Amino acid sequence: MTEQTLTPSPLLASTTDSIGMLEKARLAHEKYLIKQQDSDLESAIECYVDVIKSNPSLPEAYFRLASLLLIKGQISVDGAIEQCKTALTLEPNNANAHIYTGYFHCLNGDLQEAEKEFSLAISNSGTNSARPRLFLSKVLLNRIKSNHSSVKDVAKFLYYLLTGSMMIVWDCPSIKMFYKFLANDFSIISYKALGGTFEKMKLFPSALEAYTKGLEKTSQGNIFYQKLGDLSLECNDIDSGLKYYEQAYELDKNDREVLIKLATINQTYYPDNVDITIDYYNSLLEFGIDLEKIYYELGHLYLKKQDKINTVSAFKLAVDLCPENPYYNNSLAYAYVKAELYDDAIEYYQKAIKLNPDAEWTSIVCHALGAIYAEIKENYEAAEATFNAGMVLNPNNVDIQLSLGDLYMSMNDIDRAIKTYCDAIAVDPLNFLTYAKTGLALWEKDYLEESVVSFHKSIELNPDFEISQNNLGVVYLDGYGDPKTSLEYFKNAININPNYTLAYFNLARAYQAIGDKANAAEYYQMTIDLNKITEEMPEEDISKRLHELFE
């Protein structure tokens, strides 16, 4: 007796595989409809493409793929209709193919063709014709609204609306999907409420567990990743918070709130991630909301990268969108300073000052503008007026008082400089810099004792301020003719700042004054060597003094 071995037909095996792939595609499509996440959309598209490659004779893959590609913007409505025609060529009585075709005709504004397709779907659906009946009633309603209807159309509209509403109970796919939506929404609400309750009770481990279970049990990973990110931030776990937000963003790149958090966290806690933060802010621009604020943040990020062109461009866009914002005008002015476009900077600093949102803040802007007038334009009159305006706005702004004193020094108006520096001391008697500048101005007026007192006070407040150490040494050396006392202060200045060329030069002069030629020569040579790097002094003066030692 001969036994016959039964083997599956290759065609049968291929069809079975295709059906399995189609079911996988349906599940991915269903998951996207529930979660509305880009990753699920991509997955569903890939699955339908694989189905068509495996078995091009399955009509369902064509019209369902068409709907997803249309959502993604990869095909037009006409292209979607062509895909449906392919499906109908394969199976002319496929009710779902007619429903999708009718829907696409509606999108195209072709209501007559849509009505025809929905009618065919109804005739091919039997008791499961609730959806096409409701779709057809909507087409008829649009016709009624356009005033191109008859009594017959009104009657048809009512008929299909009522019968579709009643027959929905026999539409198993719709009921199944509705149940899944409902069950998923209930789970989301439950786990969110549970986690939120634990958070309010400060039971953070329990809240973490609730949100993690919500992540596992529901289809809304983006929601629970965001909740986990919020919880991590509340627990000051910035790294984990950032990771969760990144995972939420991967699931839904249209979640603006998550994008804002990603941009803010990177900008605040990860200052080296400048390019990543810029990318997040550029993505936020696509939403078209709060554009001026986003450009303002981008301006600061480009400023950090020293990208002058993009810095100016970003701040300029912020100002164009909100021209009366003083902070935007101030930032644009600063960007122009960095780009060495000083006339433009002056214009926007002036506008920021005119808007004057806060006296203390505006005083700082006056300081910046006055510095441009003094240091760049050498317009001392405008600089003085601007500094004085800033002092009127905020009499306690010591920095602007010091700059005004420096201005008087550059104008050789020493008396006014001394007065201004003393005014600054009255405002902040613990500021070492005010005493240092006052000491220098007093030295210029040959008020030796007062100068020494000021420098000693500056050093008392900040022993590590090398300039006061050096300048006090100069007063003892050149004012009092006491080179031995001056040695201590020059050495202190060098110990504080080993690259302080002028202190080496002055120390050499002090040794020369007490007759110690060896040490004087050594320090003059060290001054020459260091000056090649710092270029603080004319080299000829140093070399001349060195040669004079041995003449």
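Helices (H or I, at least four residues) and strands (E, at least two) are taken here as DSSP runs, numbered from the N terminus. I am working on a predicted model, where local features need pLDDT of at least 70, side-chain atom pairs count only at pLDDT 80 or more, and totals for chains, interfaces and linings use all residues. Residues are numbered from 1 along each chain as its sequence is written, and side-chain values use heavy atoms, with hydrogens and water left out.

**Entry 1: the chain**

I looked up the secondary structure and found 29 helices and zero strands in the protein chain. I then looked up burial (buried is under 20% relative accessible area, exposed over 50%, partly exposed in between, with a 1.4 Å probe and protein chains only). Of the 551 residues, 44% count as buried. The accessible surface, by the Shrake-Rupley method with a 1.4 Å probe, comes to about 29200 Å², and carbon and sulfur atoms hold 54% of that. For contacts (heavy atoms within 4.5 Å), I noted that among those with a separation of 6 or more, 50% join residues 24 or more positions apart.

**Entry 2: loops with positive phi**

I checked phi, since most residues other than glycine have a negative phi. Asn236 is not a glycine, yet its phi is positive, near 65°. Asn236 sits in the loop between α11 (221-234) and α12 (238-251), and is exposed at a relative accessible area of 60%. Lys202 also has a positive phi, about 65°. I found Lys202 in the loop between α9 (172-200) and α10 (204-217), exposed at 55% relative accessible area.

**Entry 3: salt bridges**

I searched the whole structure for salt bridges (a side-chain nitrogen of Lys or Arg within 4 Å of a carboxyl oxygen of Asp or Glu). The search gave 17.

Which parts does the pair of Asp290 and Arg256 tie together? The closest N and O atoms of this salt bridge are 3.5 Å apart. Asp290 is in the loop between α14 (274-285) and α15 (291-304) and Arg256 is in helix α13 (residues 256-269), so the pair ties together parts 34 residues apart in sequence. Asp290 is partly exposed, at 33% relative accessibility.

I looked next at Lys445 and Asp415, a salt bridge whose closest N and O atoms are 3.3 Å apart. This pair links distant parts of the chain, 30 residues apart: Lys445 is in the loop between α23 (432-444) and α24 (448-461), and Asp415 is in helix α22 (residues 414-427). Lys445 is partly exposed at 29% relative accessibility, and Asp415 is partly exposed at 46%.

Glu539 and Lys532 form another salt bridge, with 3.4 Å between the closest N and O atoms. Glu539 is partly exposed, at a relative accessible area of 34%. I also noted that Asp230, Glu257 and Lys261 are joined into one network by salt bridges that share partners.

**Entry 4: the second largest pocket**

α7 gives the most, with four residues. By class (Ala, Val, Leu, Ile, Met, Phe, Trp, Tyr, Cys and Pro nonpolar; Asp, Glu, Lys and Arg charged; the others, Gly among them, polar), I recorded seven nonpolar, one polar and one charged residues in the lining.
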